[in-house]
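Reader: Could you take me through one part of this model closely, the surroundings of the ligand? I'd be glad of a word on a few backbone details elsewhere too.

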Amino acid sequence: MTEYTAPKASITSAAFTDEIREQLRYTQGVTPEQATAADVYVATAAAVRRHLMDAWMTTQHDMVTGSTKAVGYFSAEFLMGKQLRNALLNAGLSDQFDDAVKALGCDARDVIDAEYEPGLGNGGLGRLAACYIDSLASKGVPAFGYGIQYRYGIFRQEFDEQGRQVERPDYWLANEEPWGHIDYNRSQRVGFGGVVTGKDDVRTWEPAWCVRAVPVDYMVPGYESGRVNTLRLWSARSYDEFDLLTFNRSGYLAAVKPQVKAENISKILYPEDSTPQGKELRLEQQYFFTAASIHDAIRVFYPGQEHPDLTTLPDKICFQLNDTHPVIGIPELMRVMIDEYGYDWDTAWRTTTACFNYTCHTLLPEALEVWPASLIGSLLPRHLEIIKEIDRRFVAQLKTLTDDAEKIDRMRIVTLAADGKEPKVRMAYLATAGGSHVNGVAALHSELLKDVTLRDFSDVFGDKFTNVTNGVTPRRFVKLANPRLSDLITDGLGTDRWVSHLDMLKELVPLAKDDAFVRRFAEVKQANKVDFAAYARREYGFEIDPNTMINSMVKRLHEYKRQSLKILAVISQYADIKSGRVAAEDIVPRTVVFGAKAAPGYRMAKLTIRLINNVARVINADPDVKGRLSVYYPWNYNIRLAEHLIPATDLDEQISQAGKEASGTGNMKFALNGALTVGTLDGANVEIRELVGPENFFLFGMTVDEVEALYDKGYQPSSYYDADPRLKQAVDMVSDGTFSDGDRGVYKPLTSDWLNKDYFMTMADFSAYMDIQGEIETLYRDPLEWNRKALLNVANSGYFSSDRAIDDYLANIWKTGPMD
Ligand code: 26M
């Protein structure tokens, strides 16, 4: 395949400044003198969009008229982060922007800060989707991202006086949002409820209510590809006629009710990231965006055709299901083909299974989505019929393949109504049966998927299963977030081609032998730490000492991720100093930084937040440890904070219980920015360690097999508490009120869980975790050797580019590539 590259935007800074001025005057209606940073931000965004417009239109045209199969990435979440810097980079306008803001007499940082970060995702899964659409565009692959434009993104996190998490609504659209283009002319009708009538072979669904799905389009500019793809996020609106009908009957308030109901669908992002609750609204959201997207794809690829040949759909586009959230799209495409276009079942099924693929992001059984059949039946009656028919045929097929009746029952898509339990629809099973490929998100995870979570399916449909190890975009997370390191890499390699060919980082390996180069690397890290300290002071009022080791643990707060393990280790080190067992001067000065949001209803996670905040309060106020150990918990961890923290981090924590973290993507971002990892053999840690070299990774803790064996043997967490005095002391300090002003009740649910249940075996891994701290400190005392290893982490992490991940999807699943 030849690489298509459109001519780069060549425009002088003066000309770009004039374009911004023009937007200020004719769109915003302000003079450059009146313009605030927020005005300049909006004007710049408009100017950048204008620059991208031709490439966007060409890309859409080429996509529809060309013969390259496109990708539809279906995701309930796209955690994009701020757009301006990224759009400027990919439009080739970064330098012009820096000059323009100067000419306009404002500060670039103020302009960047004026953008409100869209938080349309919970964490890893949503950010992965954002990285993937960046890579697709950068490779010139024709692609759509399809999702929901929530009115309220992930909540804004605050901490109260007690250190407890408080959730505040995130009304990100309160101010002008210049990137999204609302296209009222391309809306779709999505029906809900009602009845199905007709004979067996001709069924008609009459929905009880309909919602108007209006697309809001975001440009997705590729880096140096000259291509601009589309992220199409649907916004739910009501239909007027709907209100009018009711209006005649029962008055005004009743008339606006359906409108409110309709618009509620895209109102809020669910802040749960692992325990899906079977909430009706959530199913409405899922159907809303997948149905609108499927209809949209048909509209785009068969323009103006009344009788399109939908059997060619799989040649035009394939749909990647980002977890089970969009799986209802499978019965939807069946319904569209059979009911709306008159295809027979087998033809519809062949087409549907050829179109869909499914990515699984978990191993935790409680995180697999399951819907009561009755709920699907009342909201989507025709889809329930189709799902039941899929299940019936699936079971019949299984019977030809195996005699194992129990196994067949275990594999049913619709569970049998046994023991008074109502039937349920298992979305992961529907996705596996109704698509061509199923992939896990790291090598270990994909193996465990086959061996444990979807074992029966992999026995029968082994060919469907594959792995695509996650990746992250080097544009946002290296080039933009870490300009100093980027310059050093470019200097070391003699080219900046690495930004789109990240495996080139390997060529830095020999430079790790060059002490002078390692020292330059160390200077970069140090300068980033100074910057981060300034950022933390400005944004949070923290006084971070950049001459300490920056030790970060940032991710959602979840028991399996084991923030508890980290905070117990911090407490233990604190206790060592307080008791005089260890002289304060003998420890490596360390700043521990946490960042994490908890699901609002997740009691244990929220109590852990409270504990961390109070440990921070006590330790940071204690003169005995001053300058040696401090703990900070900046609230509201988001992409922007990540972009500042990651380049400044020395040591990254990836300490989940083995077998629980599907992949992790923070781990990749940290390694690429020259942090060392302390971690378990879990998720992508396994591959990171292999690639950067075991000697450049701090491994500790039980393996998946050891975890299994310990569960089987009968796990008793209290025995570890009894056996390790460090652990005992740390737990006791949590119980005895040290971190709750003497109140012994506050953390009881936590401590009693640790000692009695401890499902994720924090107690069992504590000693190993403490022991590795010795190694970490020894190495850190030798800055040259520490930085050599950190540099080797950078040099050997090129594999974790989302460009490589997309190559894997293209080669093994989508079977397509860049446009000609
Ligand atoms: C589903 C239904 C109702 C409410 C919420 C959900 C839901 C939303 C997001 C469930 C899970 C969600 O995300 C899970 C997630 O982020 N998984 C992470 O995916 C990353 C990318 O593959 C991996 O790196 C992480 O290991 C994995 O935890």
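Author: Happy to! Please keep in mind that this is a predicted model. Let's begin with helix α6 (residues 124-139), which supplies three residues, the largest share of the shell around the ligand. That shell holds 23 residues, and the closest are G124, L125, P276, A662 and S663. Domain 1 (66-81 + 117-389) and domain 2 (549-785) both contribute to the shell, so the ligand lies between them.

Now for the backbone details. Most residues other than glycine have a negative phi. R562 has a positive phi, near 65 degrees, although the residue is not a glycine. R562 sits in the loop between β17 (549-554) and α21. With 27 other C-beta atoms within 10 Å, R562 counts as buried, because the cut-off is 20 or more.

Helix α21 (residues 563-578) is worth a look as well. Its 16 residues should span 22 Å at 1.5 Å a residue, and the end C-alpha atoms are 23 Å apart, which agrees. Of those 16 residues, 14 are buried, so α21 is largely enclosed by the rest of the structure. Just after α21 comes G580, with a positive phi of about 80 degrees.

One more residue deserves a stop: D758, which is not a glycine either and has a positive phi near 45 degrees. D758 lies in the loop between α29 (748-756) and α30 (762-780). D758 is buried too, with 20 other C-beta atoms within 10 Å.

Methods
Residues are numbered from 1 along each chain as its sequence is written. This is a predicted model: local features need pLDDT of at least 70, side-chain atom pairs count only at pLDDT 80 or more; totals for chains, interfaces and linings use all residues. Helices (H or I, at least four residues) and strands (E, at least two) are DSSP runs, numbered from the N terminus. The expected span of a helix is 1.5 Å times one less than its number of residues. A residue is buried if 20 or more other C-beta atoms lie within 10 Å of its own, exposed if 12 or fewer, and partly exposed in between; C-beta atoms are placed from the backbone. A residue is near a molecule or strand if its C-beta atom, placed from the backbone, lies within 6 Å of it. Domain bounds come from an automatic or database domain assignment.
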